[in-house]
There are 2 protein chains.
Amino acid sequence: MTAAQPLLDSCSGSPTQECGHSHGATGCDDCKVRSFSVCGALELSELEGLDAISQVRHFPAKTMLFDQGALAGSVFNVTNGIVRLYKSLPDGRRQIVGFALPGDFLGLALSDRYGVTAEAVTAVKVCRFSRSAFVAFVEGRPHLLRRLHEFAGHELSLAQDQMLLLGRRTAEERVVAFLLNLQARHARIGAASVTVPVLMSRQDIADYLGLTIETVSRTLTKLAREKVLIIVPDGVRLLNKERLERIAPA
Amino acid sequence: MTAAQPLLDSCSGSPTQECGHSHGATGCDDCKVRSFSVCGALELSELEGLDAISQVRHFPAKTMLFDQGALAGSVFNVTNGIVRLYKSLPDGRRQIVGFALPGDFLGLALSDRYGVTAEAVTAVKVCRFSRSAFVAFVEGRPHLLRRLHEFAGHELSLAQDQMLLLGRRTAEERVVAFLLNLQARHARIGAASVTVPVLMSRQDIADYLGLTIETVSRTLTKLAREKVLIIVPDGVRLLNKERLERIAPA
DNA sequence: CGACTGATTGAACCAGCTCAACTCATGTGG
DNA sequence: CCACATGAGTTGAGCTGGTTCAATCAGTCG
């Protein structure tokens, strides 16, 4: 893992950042993720207010959005790309607790410190909000708070599924569950396909599934040998979904 | 594991249930967990309204409060005892995703189905609310919703810690982290002590830590042999907390 | 007392890890 | 255009932490 640099709260004129507010064509009006993101709870009339406190920001692949333990100055809505969220131990062991896809919100808890580190897996585009401005915006809009709470409840449920996976599933079950999951998530954001894009590295997958890179690789190879999937550049083609679903039940 | 029977939504006159509303001496006024439970967000004037929709209920050890996947008719505030929350696989493998102690809220997500199964580890006392009544009560009290959201954020953070534990920690680290955690939680609810009550079975601990009962037992024995703790009936006495904290780092 | 349940201990095993070699792109600069 | 470094992924071979299977122990209840 190369070190990821924080790019937050600096408007140093880097070509990867747009610091102006994003009204008009780049605003919420034509946002592709709005309907299934937290913003979907807002009336059109309220969107303007949200727009006013949001900034569009770009993070190149492998750069850090924020670091575990740091003061949570911002919250984010991912609009493009993939973000990995992880915790690590002092000796370097790492556990990825989730991948954020377009429509996902970072900083749901609205707590004053980040509980995880967030890094761009691919180039990433986000709507950034200062946390204080966002909290103020939520204040007096209980329907938005309710939506945030629904999202948090969903996250919690996913986390519990992942605990079951990490605590009790075999390597093969983990890999298959991961791929099916990824496919379902891509479908939900309007990219349904038997070919699932897998843009994160084997190391990322391993750190997400509590395995080693070798075990992930061997398991994928085995599944390919058994013709339930084909490994393609930057993805996987799921040939036998029924069989996959039998491998990774409930 | 013996089968646990659901005891919900039936007021059949069982001696373990109190079906009347609990005003007066048994109400919120003198509730020992109020300050650190979700109810702590309410004004004294609002407590009456909450009291009016709450029922005190008792669950004997090993009985089920609710089942994963069932319609969520009720939400609960635990006031006494310990509840295990778990998910299981069709073949019987089980992952306990958390233990609820007094002050903990069950059904935080307010979703329409329970995501986990809840069973009493010890005899348990709860405040029960019908979910619809509780949701209606929350409606129009954004400070309570905010409190629920804070609790959910905290739960999410704990879940992420547990993912790190399950995915990347060794057996010894898991057991030690569990004991330190339990001690800290007991301290927070006003029962700080070097002797930590461990009222759940070895099987429960194993299913929480993603280990087998034998590994939990061996690990505890080893720690006792090394004099960092003593195993006592229904608990553990932590002798060398510094050393324990070195075993299970942040 | 005997029966039962939960916990401990021992011994053999194995799923996944470690260590190491190799492949295959992609990039770089002479 | 080739030589060669670099980094991600794959594959092999051996090892080991934790599991599995099995026996024993220790309370507790009837």
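The legends below describe close-up views of a predicted model.

In this predicted model, local features need pLDDT of at least 70 and side-chain atom pairs count only at pLDDT 80 or more, whereas totals for chains, interfaces and linings use all residues. Residues are numbered from 1 along each chain as its sequence is written, chains are lettered from A in the order in which they are written, and side-chain values use heavy atoms, with hydrogens and water left out.

**View 1. Protein surroundings of DNA strand D.** DNA strand D is surrounded by 14 residues (near means that a heavy atom of the residue lies within 4 Å), and the closest include R202(A), R218(A) and T215(B). Of the atoms of DNA strand D that come within 4 Å of the protein, 56% belong to sugar and phosphate.

**View 2. Polar atom pairs at DNA strand D.** Polar side-chain atoms approach base nitrogens of DNA strand D at 2.8 Å from R218(A) and at 2.9 Å from E214(B), while a backbone N or O atom of A171(B) lies 2.9 Å from a phosphate oxygen. Two or more residues each come from α6 (213-225) of chain A and α6 (213-225) of chain B (helices are DSSP runs of H or I with at least four residues, strands runs of E with at least two), and α6(A) gives the most, with 4 residues.

**View 3. Open antiparallel sheet of chain B.** Three strands are ordered β10-β12-β11 (two strands pair if DSSP finds at least two bridges between them). β10 (195-197) and β11 (229-232) each have a single partner strand, so one side of each is left without a neighbour in the sheet. β11(B) pairs with β12 (residues 235-238) over 4 bridges, and I231(B) has V236(B) as its bridge partner.

Technical notes
Polar contact = N/O pair within 3.5 Å; in protein donor to acceptor, adjacent residues only side chain to side chain.
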